[in-house]
Each structure stands twice: as C-alpha cells, then as structure tokens.
Amino acid sequence: DAGITQSPRHKVTETGTPVTLRCHQTENHRYMYWYRQDPGHGLRLIHYSYGVKDTDKGEVSDGYSVSRSKTEDFLLTLESATSSQTSVYFCAISSTQHRSGFTTDTQYFGPGTRLTVL
Amino acid sequence: KNQVEQSPQSLIILEGKNCTLQCNYTVSPFSNLRWYKQDTGRGPVSLTIMTFSENTKSNGRYTATLDADTKQSSLHITASQLSDSASYICVVPPGNTGTASKLTFGTGTRLQVTL
C-alpha cells in the first residue's frame, strides 16, 4: 500500500456542512493525488500536488479545495458538501521507475474514504 | 478526447476457467498502459505496466498483451481462483507528461469467480 493511509474511512454528513479528508504517506513521495470513484465512471482526478504548497486542479475540481503544508499530508476539503459529492475518494502517490530505457510513473492508492452526503 | 473503453462490463466465470478482458484506448501520444486490480472496498493495485515496445507480459496467472497499432490491450487470467474476483481497470497516461497527472482510467471490468 506504499504507506498510504486515509482518514476517516467512512463518513456521513449533511448537505451544506464542510468536510475534510486526510491522506497521509510515510515514504516522502513528491506527487500526491485525490480521485473520486463513482459507478459508471472511471477514477476521476480532483486535485493533485507536486510538492509542499504546490497544487493543481484535475478534471472534477469544482466544489473541492486542497492543501499540502507538509510532504506527508494532503488534505481534501469540501467547503459545503452536496449530495453529488457522495462518492468514494481515493488518495494516491506516484513513484517513478526507470526500466529498459523508459521512465514510467506508477500510482499507488490508499484504501479509500466512503463519503455519504445526505 | 482521450478515452479508455473496457469490455465486458462484468463477467462471471467458474473457478478454474480462463477469461480475457479487453481494453481499447484512444490516448495519444501513447507511452504505456497499466492494468490495475481493485478488490471490493479497497484501492486499485498495479498488476502490470506495458510500454509501447512490449507485446506480452506475464505476472503469474495474469498475462497482458498490447497491440499499439490497433490500440488494444487484453488481460488474460488463467486457471481463475476465487481471489481473482475484483474489478480490473485499464489505465493509460498520455506520453507527453511525466507527472502521471493526466491518467485516463477505464470504467473497469467486474469479474466474479464462482464455485
């Protein structure tokens, strides 16, 4: 699991409340990612980080913000949760490998957080 | 738009049987293709990565093939076991980025192996 933990693992909240999900890694990886996974869709990138205080938007960033104040922690915040944000959220890191003249990145995922917004 | 399409959407097979999952992609430029296995309630785990120069790669009972000309990949599972029950996801990053930030994920094939 590349030393990735997510908290909480499950959360039920009400529409309009703020929610923060935490991703913690122990292996000092530079890149971290937040995805959401919904039935009928592939994993979709919300935001990612390429270093402390360096973040960028993914394809479904509306309604989400992130922060990375230290290498090991990447926080995802829903400022005002909506029912459309009910989903399973995965954090990931990427690790670069060099093999046979190629450089490839492999993503390693955390265990996920199931969020339900009522 | 870069796309990854997987088929079938779901599959049920008897333990011990073989099966083949398909992945078609339109991602360009192409660099590599990955297959992930996702057990229920867990995050995806990488099974194999194939670069454009590789046609076949095996990882135990899993064999992945790649045809970069037709933009197709397959994942063949031999002598299936109950533990193979999972979703299998095909992932293709565009070749012009090194940050893995623009991965295109397929929706996955849900495999169920039964007794």
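**A:Thr106 is a buried residue, with a relative accessible area of 4%.** Buried denotes under 20% relative accessible area, exposed over 50%, and partly exposed the range in between (1.4 Å probe, protein chains only). A:Thr106 belongs to strand β10 of chain A, residues 102-109; strands (E, at least two residues) and helices (H or I, at least four) are DSSP runs numbered from the N terminus. A:Gly42 lies 64 residues from A:Thr106 along the chain, and their C-alpha atoms are separated by 17 Å. The model is predicted: local features need pLDDT of at least 70 and side-chain atom pairs pLDDT 80 or more, whereas totals for chains, interfaces and linings use all residues. Residues are numbered from 1 along each chain as its sequence is written, chains are lettered from A and ligands numbered from 1 in the order in which they are written, and side-chain values use heavy atoms, without hydrogens and water.

**A salt bridge joins A:Arg22 to A:Asp73, with 3.0 Å from N to O.** The pair links distant parts of chain A, 51 residues apart: A:Arg22 is in strand β3 (residues 19-25) and A:Asp73 in strand β8 (residues 73-78). A salt bridge is a side-chain nitrogen of Lys or Arg within 4 Å of a carboxyl oxygen of Asp or Glu. A:Arg22 counts as partly exposed because its relative accessibility is 33%, whereas A:Asp73 counts as buried because its value is 8%.

**A:Asp38 and A:Arg44 form a salt bridge of 2.8 Å, N to O.** Both A:Asp38 and A:Arg44 are buried. In chain B, the side chains of B:Lys57 and B:Glu54 meet in a salt bridge at 3.2 Å, N to O. Elsewhere, A:Arg22, A:Lys70 and A:Asp73 are joined into one network by salt bridges that share partners. The whole structure holds seven salt bridges over all chains.

**The largest pocket has a volume of about 650 Å³.** Closest to its centre, among 30 lining residues, are A:Gln37, A:Asp38, A:Pro39, B:Gln38 and B:Ser87. A pocket is an open set of points, on a 1 Å grid over the protein atoms alone, where a 1.4 Å probe fits, with protein on both sides within 12 Å along at least five of seven lines; lining residues have an atom within 4 Å of a point. At least two lining residues come from each of β9 (87-99) and β11 (113-117) of chain A and β9 (86-92) and β11 (109-114) of chain B. β9(A) gives the most, with three residues. The lining comprises six nonpolar, 18 polar and six charged residues.

**The second largest pocket has a volume of about 500 Å³.** Its lining has 20 residues, and A:Glu59, B:Lys1, B:Asn2, B:Thr104 and B:Phe105 lie nearest its centre. β5 (44-51) of chain A, and β1 (4-7) and β10 (104-105) of chain B, each supply at least two of the lining residues. By residue class, the lining of the second largest pocket has six nonpolar, nine polar and five charged members.

**Chain B and chain A bury an area of about 1,800 Å² between them, 55% of it given by carbon and sulfur atoms.** Buried area is the accessible area (1.4 Å probe) that two parts lose on being put together, summed over both. Chain B brings 25 residues to the contact and chain A 24, where contact means heavy atoms within 4.5 Å. Between chain B and chain A, the count of salt bridges is zero.

Methods:
Points joined across faces, edges and corners; volume = space filled by probe spheres on them. Nonpolar A, V, L, I, M, F, W, Y, C, P; charged D, E, K, R; others polar.
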